[in-house]
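Hi,

Here is the model I promised to pass on.

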Amino acid sequence: MSNSIPRLLIFAVLTVGFNSCQLAGKVLFGIRSNVNWMEPEEIHSYFDKYDIPENQRYVLDTASYYNAEVLEYQKRIETSDSTQKMLYRKIVNDNLQMFQIRFFDGDGQPIFKMVNCYIDPPLPVSWNKHGSFDEFPPSIEFMHSGDGNKPLAHFLQHIHTLDQKSIAQKNLPESDYFAVVFVNDLMTRVGRRQMRTVTRYLKKHEDKNIHAFFVHNNNAEMWQLVKQNGIAPEEDSISE
């Protein structure tokens, strides 16, 4: 990537990551001043910092997740009244956020969603909104089943292991609960607090038979941001 791309990405991260969620503050949230495409070994190093087990490390596809979310709601938005349009836009906005924590029951049905739009800004950047993680399973008052909550199968279509292996729900370990956690290091303070919240929560409830998917989406976020600004690199110049 040219030198102009990292600078543009920093601005885009601020714009997309904050303004869409009514958050602000480069210093408070720890926006990185250098943004680089991450190789698998670098992503492994990120997970190593938080002692994430090897079988819980995944990456998000650079294009398919974004495209699936947008295409699903595009026609609905175009043909809906103003109230429905606002709802659909909120759903898409939530589902495309950089940082997400989702829980599912043993059948893969959604029971909880928290994205960076919901956290308590500007300080203390707490993911424990309304005490969501003070109980098990986590819950939040203002989340409803109609808020675009997706089943686990929806996410499995768009994530894979760091060595490019896809995931089938039938091959997952038998679990009472599943968790999908979208992570990256584009916003360091938000990311650190998210990871601490989740890892401590899973440790506290390790008797609950939870299988977690820690999904690193740094490269997916970069890809979409540069595409939106008309400077996406050639497909064969970047490998996942």
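Predicted model: local features only at pLDDT ≥ 70, side-chain atom pairs only at ≥ 80, totals over all residues.

Residues are numbered from 1 along each chain as its sequence is written, and side-chain values use heavy atoms, with hydrogens and water left out.

Helices (H or I, at least four residues) and strands (E, at least two) are DSSP runs, numbered from the N terminus. Helix α4 covers residues 64-78, 15 residues in all, and spans 21 Å from first C-alpha to last. That is close to the 21 Å expected at 1.5 Å a residue, where the expected span is 1.5 Å times one less than the number of residues.

Which residues of α4 are buried? They are Y65, E69, Y73 and I77; buried means under 20% relative accessible area, exposed over 50%, and partly exposed in between (1.4 Å probe, protein chains only). An α-helix has 3.6 residues a turn, so residues three or four places apart point the same way. The cover over the buried residues of α4 includes β1 (57-60), α5 (82-95), β2 (100-105), α6 (152-156) and β5 (177-183).

Now the rings. There are 14 aromatic pairs. Rings of Phe, Tyr and Trp (its six-membered ring) pair if their centres lie within 6.5 Å; planes under 30 degrees apart count as stacked, over 60 as edge-to-face and the rest as tilted. One of the pairs is Y46 with F47, edge-to-face at 5.7 Å centre to centre and 70° between the planes. Y46 is buried at 4% relative accessible area, and F47 at 0%.

F155 and F182 are also edge-to-face, with 6.1 Å between centres and 85° between planes. This pair links distant parts of the chain, from F155 in helix α6 to F182 in strand β5, 27 residues apart. Both F155 and F182 are buried.

Ring pairs also join F103, F112, F133, F136, Y177 and Y201 into a cluster. K208 lies over the face of F136, 5.2 Å from the ring centre (the cut-offs are NZ of Lys or CZ of Arg within 6 Å of the centre and within 35 degrees of the ring normal).

Last, T161 sits in strand β4 (residues 159-161) and is buried, with a relative accessible area of 19%. Leaving aside neighbours within four places in sequence, T161 is in contact (heavy atoms within 4.5 Å) with R57, Y58 and V59.

Cheers
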